[in-house]
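Here's a quick briefing to read alongside the model. Keep the viewer open and follow along.

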There are 2 protein chains.
Amino acid sequence: MRLSTYLMPTLKENPLEAQIVSHRLMLRAGMIRQSAAGIYTWLPLGYRVLRKIEQIVREEQDRAGAQELLMPTLQNSELWKQSGRYDAYGPEMLRITDRHDRVLVYGPTAEEVINDIARNELKSYKETPKILYNIQWKFRDEVRPRFGVMRGREFLMKDAYSFDLTYEGAKHSYNKMFVAYLRTFARCGVHAIPMKASTGPIGGDLSHEFIVLAETGEEQVYCHKDYLNMEIPNEDIDYNSDLEPLYQKWTSLYAATEEKFDKEEADKIGDNLISARGIEVGQVFYYGKKYSIPMNVSVMGEDGKPVYIEGGCYGIGVSRLMGAIIEACHDDNGIIWPESVAPFKVGLINLTTGKEISDKACEDMYSKLVKAGVEVLYDDRNERAGVKFSTMDLIGLPWQVLVGARGLEKGVVEIKNRKTGEKKEVSVEEAINFLTK
Amino acid sequence: MRLSTYLMPTLKENPLEAQIVSHRLMLRAGMIRQSAAGIYTWLPLGYRVLRKIEQIVREEQDRAGAQELLMPTLQNSELWKQSGRYDAYGPEMLRITDRHDRVLVYGPTAEEVINDIARNELKSYKETPKILYNIQWKFRDEVRPRFGVMRGREFLMKDAYSFDLTYEGAKHSYNKMFVAYLRTFARCGVHAIPMKASTGPIGGDLSHEFIVLAETGEEQVYCHKDYLNMEIPNEDIDYNSDLEPLYQKWTSLYAATEEKFDKEEADKIGDNLISARGIEVGQVFYYGKKYSIPMNVSVMGEDGKPVYIEGGCYGIGVSRLMGAIIEACHDDNGIIWPESVAPFKVGLINLTTGKEISDKACEDMYSKLVKAGVEVLYDDRNERAGVKFSTMDLIGLPWQVLVGARGLEKGVVEIKNRKTGEKKEVSVEEAINFLTK
């Protein structure tokens, strides 16, 4: 992509409305613009990142054996009456009256819709277990939407739902999602620690929040320091094997949010306790028969008798995760994208736009890199080098290539690692080889 | 994917509520389920196809130089007041009051939101031309939603918007989208013919509808028979070159929907006239300054004076296109997917599930095909061969592989082409080679 033609309206100044760093940087880097309170348009640069995160989430759900479908944004309010949550959910749920005076709700979550699918389509024990998920826009009418995409009203969520015959089955599904979450967040370049959590309006009696530690996090959290180096399951993990030992390993050490903080327990681990700020990026719930009984979700058991489904649900705030990644990965100059979710891998900077030697070298590198499948943003604008440096640092692509007439006369360009700041001079060929590796 | 674990609830009987073939087949093949009037859940098989169509649409938009962003589903109603369409749009537009009594609308289209972005972010003539697009769920509160995804209320649309300084620029953008549409529909396996169209509530004075011919089409259309074999531009087309000759070639012959039918014109082409049924899958509009004047969308021109933007918009009904493909590609036994949008390429049928020889051969083929990156649906269910045949014909995967104990004893399996019905006996190795080609 050539920056001269790309819609990437960066801002020099910090926008006054942005109180936290991810919101500031997403606005300044031209990734999002507010369209109404808590409702955003994702500009091209921001949408590229959102889609990369979404794809990682999808791949890890698929790997764990979950099946993707798509539920609508607007839901039949009758289903919410059946589950008993229509009145319980309160004013955060957006209620809508259509032209025939029927009430729809903009789904804040989708337990009702998926359980309606399940009761109609799952007939026999043979069709269990199942984990179904979707990645869809949700709406929660927050009283005071703030912090950009971290607490917006319209947000992208991955929500999965499991359907099992027994508690043991449901726990295995829970473990699958638990492990998939460890992998998902690690692949997005952040280390998320599962912490025992309360279940709130979803219900149920087993739940973990996945918390990313970040200095600018929204809540106080506590955990054993061994969590920081705990090994993430690799991609060959067999999701059909017994995952309980892995679950135990990741839950047996102390970890709690402020809400669940227990001084006595915390004191037991003494110097091993870390007290830090954290951001919630996902939550898993086992809720048993909370929906299957009121909504009559049952299948024929092996003995011919109906069995109520044991359920769980598993959410990742996909758009929120993007904010969390920035909160965890930035410096004073801007964002530092983990390579897996970076909008482009390489920022190619022409330091002397208009000079034939650098224009030609840049065009050549650009076409070779693109041809090799490398995602490159080429700053071909007619701007000063200083402006280009600060733009590139702000948007945080993992690698910068600095190409100027003076260097080229010596036969070199410079490669800069955005994260470490390290630079090295190499030939054009070496640069291409290095970046296409 | 193993069919024994896949959520694909096929129906033997034709559902009474479905009046047209695509609706019937999508329900019967377990691709969609209605969640509220005109609002559907896309089950895994259906969602796979929807995503493939979406990806083809995206690739062709990108190829034409359009930039992808994402606008929210809920829009600020104030913008609609500025464009003058808030009252004009009528009851098809869903209006929503939030907890603070502010009115939002569920976007039926997004001219207002994108023009708001443009007036805030495009400052100078240097930032034009631009084509921006998004693929997002839209809502139109149809009085009588029907025909499944062909006329649903919540539907997936690709909508692109162009921003130019002059009419000539805007016409070039129009031509880009025009050509991209020819390629998009062809890649989806249907032949869409551009027909001069009225502009309706979008406004403007130049518009074409893209019509897929199908016996079960919703409207009567007329066109010159040479359209049937007109060559689609190939992928090396240069979108920066003059596209006007190509545009002329595709618009100079007679083509009209019933609404625009002109007997005198039609009679002129005599025997070359085709009268057929058609389905609209896309529409392109040039609307000039219809939005830029009331919304004050201008950039600084080369002479330092503000210039109002010349605009156009370009829609594809992505979810509707899926229905249109089925209307154009089916037989009495079910769907016949074009390979480019098929949910899986291959249906592997174990004719003698439970017999070691076929179980083993199927498992082996399945893992080899999956490893080679082929999308396979493996019917490993404990069902009669007849049931498996009709299921596979119904869901319409391009290739079927029939594997049974008797054939294997002779060293052969059968490959069937769903479209032609042709079958041939080959060895297991030949089958794998053929399908991984």
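This is a predicted model: local features need pLDDT of at least 70, side-chain atom pairs count only at pLDDT 80 or more; totals for chains, interfaces and linings use all residues.

Residues are numbered from 1 along each chain as its sequence is written, chains are lettered from A and ligands numbered from 1 in the order in which they are written, and side-chain values use heavy atoms, with hydrogens and water left out.

**Interface**
- Chain A puts 55 residues in contact with 55 residues of chain B (contact means heavy atoms within 4.5 Å).
- About 4,700 Å² is buried between chain A and chain B, with carbon and sulfur atoms giving 57% of that area (buried area is the accessible area, 1.4 Å probe, that two parts lose on being put together, summed over both).
- A:L7, A:L70 and A:R99 supply 14% of the area that chain A buries against chain B, more than any other three residues.

**Nonpolar core**
- The largest nonpolar core has 192 residues, and A:W42, A:I53, A:W337, B:W42, B:I53 and B:W337 touch the most other members.
- Such a core is a set of buried Ala, Val, Leu, Ile, Met, Phe, Trp, Tyr and Cys residues joined through side-chain atoms within 4.5 Å; buried means under 20% relative accessible area, exposed over 50%, partly exposed in between (1.4 Å probe, protein chains only).
- Leaving out residues up to four places away in sequence, A:W42 touches residues of both chains, including A:W137, A:M322, B:L69 and B:L70.

**Helix pairs**
- In chain A, the axes of α1 (residues 21-28) and α10 (residues 318-328) come within 8 Å and cross at roughly 100 degrees.
- That makes α1(A) and α10(A) roughly perpendicular to each other (65 to 115 degrees; under 35 is roughly parallel, over 145 roughly antiparallel and the rest oblique).
- A:V21, A:S22, A:L25 and A:M26 of α1(A) meet A:M322, A:G323, A:I326 and A:E327 of α10(A).
- In chain B, the axes of α1 (residues 21-28) and α10 (residues 318-328) also come within 8 Å, crossing at roughly 100 degrees.

**A loop residue**
- A:E231 sits in the loop between β11 (219-224) and α7 (244-251) of chain A.
- A:E231 counts as exposed because its relative accessibility is 60%.
- Beyond its neighbours within four places in sequence, A:E231 is in contact with A:K249 and A:W250.

How values were computed:
Axes are lines fitted to C-alpha atoms, for helices over the stretch in contact, and angles run from 0 to 180 degrees between N-to-C directions. Helices (H or I, at least four residues) and strands (E, at least two) are DSSP runs, numbered from the N terminus.
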